[in-house]
Amino acid sequence: MKAILRTEYGPPERLQFVEVATPVPAGNEVMIRLCAASVNPLDLYMMKGAPWDRMPGLRKPKPMVLGCDVAGRVEAVGRDVTQFRIGDEVFGVTGFKGNGFAEYVCVAEESLGTKPENLTFEQAAAVPVAAITALQGLRDKGGIRPGQKVLVEGASGGVGTFAVQIAKAFGAAVTAVCSTRNVDQAWLMGADCVIDYSKEDFTRSGKRYDLILAANAHHSIFDYRRLLTEDGVYVAAGGGLFQIFEAFVLGPVLSRVGRKKMGFFLTKVTRKDLDFMKDLLESGRVVPVIDRSYRLSEAAEALGYLAEGHAQGKIVLTV
């Protein structure tokens, strides 16, 4: 089968579109024929490697097929699989092991869900990592409740576009923070207030929020803390390395002072949450926002565009 292979750390241009062995599903795995995939910051990280991985003299990485968000039709199932049959339309994630940017991919049964009937495969592939990150950040880490004032920073990216819509589905009043070119899109997604960060510094507005989800954090953790109500929660789901480090290290410490809670979390995509999102998607309360679509063979170009940091929603690959 054809796949996008990383043989060395570096920029997208070093990726190869080559023939590799077709996988065979293990007992708990489902093999799907890929119809679409989407790119994520995790793919960029796996492509470039950690800074210490790129130091001269270290051994080269093992070849790896990139990609974790997938959607397609079930081609075969392992002996222990009970929820899916050949021909089923599914979507889900492969996890840190990658293997998603390929014509066939094996996925653990627990990491797959039935594709929403009203979505194309491209739309379904845009959902798993970004939507579940937004869902778990708002619901599980943030404890979102109806009537709360919620701010979503980075409202135009993959996680942010889902976060605005999911927060509205939970009954919150949502303030979306984005750039000038994305203001209209934020209104269309249902935001109650939109802040253009190029014209206004929301950290100095004097307004307070019950929950802040930073899908793309670019301010000090102390700035976010100042914006919270007395029982407010700040959740860092992405952004600059320094901001993530602050949330991971200082968040737990600051959470012990007063009632404000702050921190970072890692997403774990499950079938239960994929089914939860399926209901939201089929009801029309959440709609995937797709910026661009590329062919699987053009994955390097898609990752290059993602790395520029200006995507409006998700970037997908089709087979």
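## Cavity lining

Helix H1 (residues 41-48) supplies the largest share of the lining of the largest cavity, namely three residues. The model described here is predicted.

The lining of the largest cavity consists of Leu42, Asp43, Met46, Met64, Leu66, Gly67, Cys68, Gly95, Phe96 and Gly98. By residue class, six of the lining residues are nonpolar, three are polar and one is charged. Gly is counted among the polar residues in this division.

## Cavity volume

At a threshold of 30 Å³ or more, the structure holds one cavity. The space inside the largest cavity comes to about 40 Å³.

## Packing of H3 and H4

Helix H3 (residues 128-141) and helix H4 (residues 158-169) have axes that come within 8 Å and cross at roughly 50°. H3 is therefore oblique to H4. The crossing of the two helices is right-handed.

On the H3 side, the contact is made by Ala130, Ala131, Thr133, Ala134, Leu135 and Leu138. H4 contributes Gly158, Val159, Phe162, Ala163, Ile166 and Ala167. The residues of this contact divide into 10 nonpolar and two polar, with no charged residue.

Key
Residues numbered from 1 in each chain as written. Predicted model: local features only at pLDDT ≥ 70, side-chain atom pairs only at ≥ 80, totals over all residues. Heavy atoms only, no water. Axes fitted to C-alpha atoms, helices over the stretch in contact; angles between N-to-C directions. Helix = DSSP H or I, 4+ residues; strand = E, 2+ residues; numbered from the N terminus. Parallel < 35°, antiparallel > 145°, perpendicular 65-115°, else oblique. Left-handed = near helix turned anticlockwise from the far one by under 90°. Contact = heavy atoms within 4.5 Å. 1 Å grid on protein atoms, 1.4 Å probe; cavity = no way out; pocket = protein on both sides within 12 Å on 5 of 7 lines; lining within 4 Å. Points joined across faces, edges and corners; volume = space filled by probe spheres on them.
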